[in-house]
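These are my notes from one sitting with one model. I wrote down what I looked up, entry by entry.

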Amino acid sequence: MYTKLVSSVLFPLHEQLKRHSSVALRRELESSQWFNTDKLAAIQLHKLNQFMLNIAQHVPYYRGLFADLGLTPGQFQSVSEIAQLPLLDKATIRNAGQLLRADNAGPLSLFNTGGSSGQPLQFMVGKQRKSHDIAAKWRATRWWDVDIGDKELVVWGSPIELKTQDRLKQLRDTLFRSQLLPAFAMSEQHLKGYIEDIRRFAPTMLFGYPSSLSLIARYAKLHNITMSDLGIKVAFVTSERLFENQKALISEVFNCPVANGYGGRDAGFIAHQCPQGGMHISAEDIIVEIIDKLGNPLPAGEVGEVVVTHLATAEFPFVRYRTGDLACLGTDLCPCGRHLPLLESIEGRTTDFIIAADGTTMHALSLIYVLRELSNVAEFKIIQESQFHTRLLLVMQSDVDNASIDFIRRNFHQRLGDIQLDIEFVTQIPREKSGKFKYVESKVGVTWDYA
Ligand SMILES: [Zn+2]
């Protein structure tokens, strides 16, 4: 009853007051998700051409770029022609600064990515982009039978969100029944409080980082606290790679399916998982390209860097923005019947690389998999201090046994070569300022070198 009141009356009113159009957008998205591939492509092309006309006229950076390239905006015959424009990386955004802001932009909010992997990025987000993000998330939660107004428990750490925890926000959260627990405060004592909060709040949906939700789940399991009777319909996780054991643990403890989401503050909410397992791209608003090391677009099925163009960002455009993540486009359609294209094999950030003693660059997953083999390792962090010195922080679930340590040493040396490996046992591993968990930190400065 309350959910219905919120989703049909209060939330639309709130959105109207904030001049967001997410209610109408969500209705549109719920219709277009069933369109066939050709029709979706036609919508994308139309929106892309409109977007290009708009930014070529109003955004100084793109006005200059179109002139330099001798390109007439709005003339693309297919979405793939977007490759005529250059890739956009963080350094370019930083250098362009205010030139990326449209001269007809409405009020913009300043955002800052945490900068846990490299320099932080500042960018602006307009109301149009926010509305589209809200609508895309709302559509995805409804795939799981969760509506706006259903109680949502958010375990999140973005300092921006926490700063705006003022009274107005608190009122809004009470009204829309969203409760926030800070993800960077994850000590034993906090966890106990969080569990009590969750039990008292009895949310319909959980939303957070996989590392945070699985940490709460592990605490509950360890202390035999029942969380399976709260009626949670789904746990949405995002912003980090979701590991199978985390998924299993969250699902078991909270007695609900786990839905993965891929995207971020900068690039937008790119893809959401449906109950049949497909990671559906929000293709009505976001064009995803996969590129190889030289920057050339790759066909579906081939893994490369994810590059996105967000069509609702005319006020501060993200055009062919390099996310630094690796993934591939799906070659098939999802059995759920939605023709929104699929994103697969999301491998996490290209910055998650480490370097072996002999200079070989490898994805940190090769070390992570070793630790995932051991069921008594509760948490870990790999810190590569130098090419020849790596520290491994371990939180153990039970007493340390020599066999596990031998296993780790043998496998790490096999991959890293002749290095100094310090294994340190700790009771907890601190989160980043953002609340995110960083499994790997390399101080060697490995870069995935795209041309
Ligand atoms: Zn699906």
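Are Phe316 and Phe318 buried or exposed? Both Phe316 and Phe318 are buried, where buried means under 20% relative accessible area, exposed over 50% and partly exposed in between, with a 1.4 Å probe and protein chains only.

**Ground rules**

I noted that this is a predicted model, in which local features need pLDDT of at least 70, side-chain atom pairs count only at pLDDT 80 or more, and totals for chains, interfaces and linings use all residues. Residues are numbered from 1 along each chain as its sequence is written, and side-chain values use heavy atoms, with hydrogens and water left out.

**Overall make-up**

I looked up the secondary structure and found 13 helices and 19 strands. Helices (H or I, at least four residues) and strands (E, at least two) are DSSP runs, numbered from the N terminus. The protein has 451 residues, of which 53% count as buried. I then checked contacts, meaning heavy atoms within 4.5 Å. Among contacts with a separation of 6 or more, 68% are between residues 24 or more positions apart.

**Aromatic rings**

A pair of rings is described by the distance of the centres and the angle of the planes. Here rings of Phe, Tyr and Trp (its six-membered ring) pair if their centres lie within 6.5 Å; planes under 30 degrees apart count as stacked, over 60 as edge-to-face and the rest as tilted. The structure holds six such pairs. One of them is Phe316 with Phe318, tilted, with 6.3 Å from centre to centre and 45° between the planes. Another is Phe380 with Tyr439, also tilted, at 5.4 Å and 45°. This second pair links distant parts of the chain, 59 residues apart: Phe380 is in strand β16 (residues 377-386) and Tyr439 in the loop between β18 (420-425) and β19 (440-442). I checked burial here too, and both Phe380 and Tyr439 are buried. Phe316 and Phe318 also belong to one aromatic cluster with Phe111, Phe123 and Tyr321.

**Charges over rings**

I count a charge as sitting over a ring if NZ of Lys or CZ of Arg is within 6 Å of the ring centre and within 35 degrees of the ring normal. I noted Arg26, whose charged end sits over the ring of Trp138, 4.4 Å from its centre. Lys151 has its charged end over the ring of Phe201, at 5.4 Å from the centre.

**Zinc site**

Which residues hold the zinc ion as protein donors? I found Cys274 (SG), His280 (NE2), Cys334 (SG) and Cys336 (SG), at 2.1 to 2.3 Å from the ion. Donors are N, O and S atoms within 2.8 Å of the metal (3.2 Å for Na, K and Ca); water is not among the atoms, so sites may look incomplete. Along the chain the donors follow the spacing C-x5-H-x53-C-x1-C. Cys274 lies in the loop between β8 (268-273) and β9 (279-281), and Cys336 in the loop between β12 (318-329) and β13 (343-349), so this pair ties together parts 62 residues apart in sequence. The site is tetrahedral, with angles of 101 to 123° among its four donor atoms; four donors count as tetrahedral if all angles lie between 85 and 135 degrees. Ideal angles for four tetrahedral donors are 109.5 degrees.

**Cysteines**

Cys274 is buried because its relative accessible area is 1%, and Cys336 is buried as well. Cys256 counts as buried at 4%. I looked for disulfides (a pair of cysteine sulfur atoms within 2.5 Å) and found zero.

**Positive phi**

Most residues other than glycine have a negative phi. I noted Ala202, not a glycine, with a positive phi of about 45°. Ala202 lies in the loop between α9 (188-201) and β5 (205-208) and is partly exposed, at 25% relative accessible area. Arg320, again not a glycine, has a positive phi of about 50°. Arg320 is in strand β12 and counts as buried, at 3% relative accessibility.

**Two single residues**

Ser212 is in helix α10 (residues 210-222) and counts as buried at 0% relative accessibility. Leaving aside neighbours within four places in sequence, Ser212 is in contact with Val155, Ala183, Met186, Arg431 and Gly435.

Asp422 is in strand β18 and is partly exposed, with a relative accessible area of 25%. From Asp422 to Thr390 I noted 6.4 Å, C-alpha to C-alpha, across 32 residues in sequence.

Key. Four donors count as tetrahedral if all angles lie between 85 and 135 degrees; four count as square planar and six as octahedral if opposite donors are over 155 degrees apart and all others between 65 and 115; anything else is irregular.
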